[in-house]
Amino acid sequence: MTWNVEEIRRDFPVLHREVNGKPLVYLDNGASSQVPQLVIDRTSKYLAEEHSNIHRGVHYLSQNATTAYEAAREKVKRFINAPDVNCCIFVRGTTEGINLVAHSYSKAFINEGDEIIVSQMEHHSNIIPWQVAAEERGAKLVVIPMNDRGELIIDEYENLLNERTRIVAVSHVSNSLGTVNPIKEMIATAHKFGVPVCVDAAQSVPHFAVDVQDLDADFFVFSGHKMFGPTGSGVMYGKREWLDKMPPYQTGGSQIRTVSFEKTTYAPLPAKFEAGTPAIASGIGLGAAIDYINSIDFVAAAAHEHDLLEYATQRLSDIPEVKIIGTAAEKASVISFTIEGIHPHDIGTILDQQGIAIRAGHHCAQPVMDFFEVPATARASFAFYNTREDVDKLVDSIQKVIEVFA
Ligand code: C6P
């Protein structure tokens, strides 16, 4: 099946607006992807007709909302092929999900002298929670290095694993470089040492199908707003063998079995990790985003994105002043680049005047910037609704930026 990008674009209302008097060219999907009408409609239907608190009401609306929210959890289960719906914990996003794992897992399993492995290309959300956990537990953070192309050095990773390693936390796809890590192999290697792996999947789920059982991931965390869903939605999947032994991250309403002033006992999964009223509309919206992904040809979408990546890489490589940061053999549709003598913020600002949205900055990955000895990069990140014409506009505008600064 060929990819009909024009038809797909009709599903996303925002793509048809103008910005600064120019048709919007949205190339900041790594930060947040756009939302299809289906998700907008489902979320507003909930807010207009179904809104109520969940898991606690005997009245019609509450039961209805509970059913819709739990149906979204079922969709999540099928989307990642989780073995058990109750191991899919709703969170506000990847950041909250990783904080949950780092806090709760480290309390149960990490002690003085233990080691936590992260990688050099991690987003701050997959560094700092582990750094804090290491400080609190007297453990050490160990870092998998990468090469000049922005690929993890797998031989070094294998050497870092040892009997002190308690967990590996690594991204599936790097947000700043686009690198797709060999996560299945990395998990298999960690498991030889009996070590679980927490996968930051924020940048993989929007681009290709995932299967947590095939990967054998112990924890798998992602955000709804990067996969065509609303902000405030996200998922932390964990294997039951770990989740059952981990203490709650937050405590309060909805997650208990019994409470007295002497002692509290906790509800079974998933409630144990879902204290308080959740982001109900966002969770239902995430379910609708999964419906949307299921309604399109996701394999053809990935092929289309790959074509955009190759085309953009080729066109940007033809500009001598442009340097692409991150040239891994396996990449998702993310291109970071610098232009000699021009700060990425200036690039981003001038492109914005042309209606082109990219991201400029350190992308919450300062260790990556340090490695490549740049303060920041400009980053174009593509989704399946982008076109070769978007790439042409990006390239033309970059040429103009270079002329302005010449
Ligand atoms: N990256 C980007 O522009 P939240 O903000 O919780 O939804 O996701 C955090 C996060 C964690 N891991 C990775 C790999 C990410 O890319 C992100 C978010 C955005 O690249 C905002 S910094």
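**Helix, salt bridges, cavity**

Tutor: Helix 10 covers residues 280–295, 16 residues that reach 23 Å from the first C-alpha to the last, close to the 22 Å expected at 1.5 Å a residue. Keep in mind that this is a predicted model.

Student: Is helix 10 mostly covered or mostly open, and how many of its residues are buried?

Tutor: For burial, the cut-off is under 20% relative accessible area. Helix 10 is mostly covered, with 13 of its 16 residues buried.

Student: On to charges. How many salt bridges does a search of the whole structure find?

Tutor: The general idea is a side-chain nitrogen of Lys or Arg within 4 Å of a carboxyl oxygen of Asp or Glu. Searching the whole structure turns up 22 salt bridges. One of them pairs D28 with R379, with 3.5 Å between the closest N and O atoms. This pair links distant parts of the chain, 351 residues apart: D28 sits in the loop between strand 3 (25–26) and helix 2 (37–50), while R379 belongs to strand 17 (residues 377–381).

Student: Why do D28 and R379 count as buried?

Tutor: Go by relative accessibility again. D28 counts as buried because its value is 14%, and R379 does so because its value is 1%.

Student: What about K45 and E50, how far apart are their closest N and O atoms?

Tutor: Those atoms are 2.9 Å apart, and the two residues form a salt bridge.

Student: Last topic, cavities. How many of 30 Å³ or more does the structure hold?

Tutor: A cavity is a space where a 1.4 Å probe fits but cannot get out. The structure holds one of 30 Å³ or more, and the largest cavity has a volume of about 50 Å³.

Student: Which residues line the largest cavity?

Tutor: N29, G30, S33, Q203, P206, H207, K226, F228, F382 and A383. Sorted by class, the lining has four nonpolar, five polar and one charged residues. Look at the domains as well: domain 1 (5–31 + 297–405) and domain 2 (40–294) each supply at least three residues of that lining.

Notes: Residues numbered from 1 in each chain as written. Predicted model: local features only at pLDDT ≥ 70, side-chain atom pairs only at ≥ 80, totals over all residues. Heavy atoms only, no water. 1 Å grid on protein atoms, 1.4 Å probe; cavity = no way out; pocket = protein on both sides within 12 Å on 5 of 7 lines; lining within 4 Å. Points joined across faces, edges and corners; volume = space filled by probe spheres on them. Nonpolar A, V, L, I, M, F, W, Y, C, P; charged D, E, K, R; others polar. Domains from an automatic or database assignment. Helix = DSSP H or I, 4+ residues; strand = E, 2+ residues; numbered from the N terminus. Expected span 1.5 Å × (residues − 1). Buried < 20%, exposed > 50% of the residue type's maximum accessible area, 1.4 Å probe, protein only.
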